[in-house]
Amino acid sequence: MLSELLQFLFSGLTVGAMYALAAVGFSLIYSASGVINFAQGEFIMLGGMSAALLVQAGVPLPLAIALAVLVAAAAGLIVEKLAIEPAGNSEVVTLVIITIGASLTLRGLAEVFLGKGNHALPAFSGEDPLVIFGATLMPQSLWVMGVTLVVVLALGLFFGRTTLGKGVLATSCNKLAAQLVGINTRFILLLAFGLSAALGAVGGILVAPMTYTSYDVGIMMGLKGFVAAALGGLGSGFGAIVGGLLLGIVEAMTAGYISSAYKDAMPFVLILLILFFLPQGLFGKKATDRV
Amino acid sequence: MEKRTFIKFTLAAAACAAIGTATAADPIRIGAVLSVTGPAAYLGDPELKTLQMYVETLNKSGGVLGRPLELVHYDDGSEAGKANGFAKRLIENDKVDFIIGGTTSGATMAIAPLVERAQVPFISLAGAVVIVEPAKKWVFKTPHTDRMAAERVFDDMKKAGLTKVALLSENSGFGQSGRKEAQAVAAKYGITLVADETYGPKDTDMTAQLTKIKGVPGVQAVFVFGLGQGPAVVTKNFAQLGIKLPLYQSHGVASDEYIRLAGAAAEGVRLPSPALPVAAKLPATDPQKKVVSDYAKLFAERWKAEPSTFGGYAYDGLMLATDAMRRAGSTDKGKVRDALEATTNFVATSGAFNMSASDHMGLSLSAFRMLEIRNGDWTLLN
């Protein structure tokens, strides 16, 4: 019984860590611009696909990973430069819709140029599962969880301790005021897109050995990442982690103890309940208007 | 492109009208609605490539009935609703002689009422039993049904003495149709389904479902019904959990991609499959040996890609259609339909087709080969 519970928990943590990593990307761009970037899932896809195709072409794994992150970051910068920046001071809603367009474009390009097949990436530390109290865990799961933790801590330091990070927060609080105190808000937005695309790519690469990757993998990862981010509170790194893990564990427990048929419905019931009682999500900041 | 061919057609039609009789060069128009993009693209893409390739090949060797073939195709983007609109266009504007397509069962069922009304012979490339049961006058299909896949698997389990089986199916159209058929035919083979779990097509971890299955008392084998990456994730999770039961998959994973994705975890997995993936391993006496080897070779050369069993379905469709036209001696829709229904022992990639008024698919259970994965490659079981 204990081993079953533990197995469901491991399953939930593994999947949850993937969702958390996707959610962090949403949170980052939301922090900088108030925009929910629906192209985040495509950055995840680009990372995984590029790495898998590079490895297939014979590039050593570490180099392939580095290149794939660069490819995705470049895509993030290009999306910002060509689609978001020209829209300038448009409403947030307009920008959100632009990201949906960017997501369709990226997915379409990947479908045409990277192919429609599924691809696998070799696991970083072998395929032998670790056995803990009768439950098993893949070493790759530890990679996903570990890197998610490192990423969130690093982002915490970035936002809390560096001038640049504080500039990002300032831009999201009040763009005009940030400009007036000499922050280059245009650069901040560019940075946020590049950074979150790179983060998305890291996530896509980490999960590719376990879940495989294809041109349309971004739809699901993007959706679940968004749900996790909203659950935890948009704009909060800690919230993204809690939201992701909560989502993963609820899914796994539902599949294990109730029925796998309800697995996908439970998270949405959860999000309805949480947003009903806590509209800002679990750890979201309450919006305040100062006069 | 569509427009240009249309103009060409109009010109040709005008020319014919001027002469007052159809010329020998008047093309036979084959219409196709396929899911070349969208979630079913990995089915529709090789199907389109196959049709394009064989229309070229047939035209090079003089066409059919002395007339060249012309392929008019539309991409439904994996949406059944669009398939209906495109089929209407094929019938009313393009005035095609024959329709091949409906990559998915949904698209096929959206096209079926139109061809029935317009009386155009139609060969579907989708799996569900409902397409040909009950037989509709103008609707035929080439792939094996999901019921046959389930029967083939249960037959193999019965021989191995496995009677308590856990079913894990994808909650997509393919998986759920398979689940229904598996439940319907299990009793016929003395099989009890002791678990009924599902997963989503894009799910990333199925250990929860498998842990549950592992805990079911008396379970002797696991049968997975799904397409694409899901079954590969299941296979990996299966190995991760150290489950020692025999693992069966459906024909949905009968492609080299599955072995590549699942890697060492796929060792010992059994599944029913058309002959195509094992073309090179068939004995020389096998009646399908030549047709599947030739198809695989031509596809690989022309497109620099692995041939897939899905493309094979399109090959079968086109060859059955042209064979029926040759036997009918014309493209008269009624005569072609009658000839198609009278197809006997026509060997193609899915097996030997024997159509009849009540059987518009014409394949028997033996058309499915039972395969096992050994040393990272397919092995033919007897």
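**View 1. Leu65(B) sits in the loop between α2 and β2 (69–75) of chain B.** Helices here are DSSP runs of H or I with at least four residues, strands are E runs of at least two, and both are numbered from the N terminus. Leu65(B) is not a glycine, yet it has a positive phi of about 55°. This is a predicted model, where local features need pLDDT of at least 70 and side-chain atom pairs count only at pLDDT 80 or more, while totals for chains, interfaces and linings use all residues. Residues are numbered from 1 along each chain as its sequence is written, and chains are lettered from A and ligands numbered from 1 in the order in which they are written.

**View 2. A cis peptide bond joins Glu133(B) to Pro134(B).** Omega for this bond is near 0°. To find Pro134(B), look in the loop between β4 (122–124) and β5 (139–141) of chain B.

**View 3. Helices α3 (residues 80–92) and α4 (residues 105–118) of chain B cross at roughly 30°.** Their axes come within 7 Å; an axis is a line fitted to C-alpha atoms, for helices over the stretch in contact, and angles run from 0 to 180 degrees between N-to-C directions. That makes α3(B) roughly parallel to α4(B) (under 35 degrees counts as roughly parallel, over 145 as roughly antiparallel, 65 to 115 as roughly perpendicular and the rest as oblique). Contact means C-beta atoms, placed from the backbone, within 7 Å. By class, this contact of α3(B) with α4(B) has nine nonpolar, three polar and one charged residues. Here Ala, Val, Leu, Ile, Met, Phe, Trp, Tyr, Cys and Pro count as nonpolar, Asp, Glu, Lys and Arg as charged, and the others, Gly among them, as polar.

**View 4. In chain A, helix α5 (residues 139–161) meets α6(A) at roughly 80°.** The two axes come within 5 Å. That makes α5(A) roughly perpendicular to α6(A). From α5(A), the contact takes in Phe158(A), Phe159(A), Gly160(A) and Arg161(A), and from α6(A) it takes in Gly165(A), Val168(A) and Leu169(A). Sorted by class, the residues of the α5(A)–α6(A) contact come out as four nonpolar, two polar and one charged.

**View 5. Helix α6 (residues 163–173) of chain A also packs with helix α8 (residues 185–211) of chain A.** Their angle is about 105° and their axes are 10 Å apart. α6(A) and α8(A) are therefore roughly perpendicular to each other. Gly167(A), Val168(A) and Thr171(A) of α6(A) face Thr185(A), Ile188(A) and Ala192(A) of α8(A) in this contact.

**View 6. Chain B touches chain A through 29 residues, in contact with 30 residues of chain A.** The elements of chain B that each give two or more residues are α2 (41–60), β7 (192–199), α7 (207–214), α8 (229–240) and α9 (256–262). α7(B) gives the most, with five residues. By class, the chain B side divides into 10 nonpolar, 12 polar and seven charged.

**View 7. Chain B is assigned two stretches as domains: domain 1 (2–144 + 291–366) and domain 2 (146–273).** These bounds come from an automatic or database domain assignment. Taken over C-alpha atoms, the centres of domain 1 and domain 2 of chain B are separated by 32 Å. Where they touch, 12 residues of domain 1 are in contact with 16 residues of domain 2. The domain 1 side of that contact has four nonpolar, seven polar and one charged residues.

Definitions and conventions: Contact = placed C-beta atoms within 7 Å.
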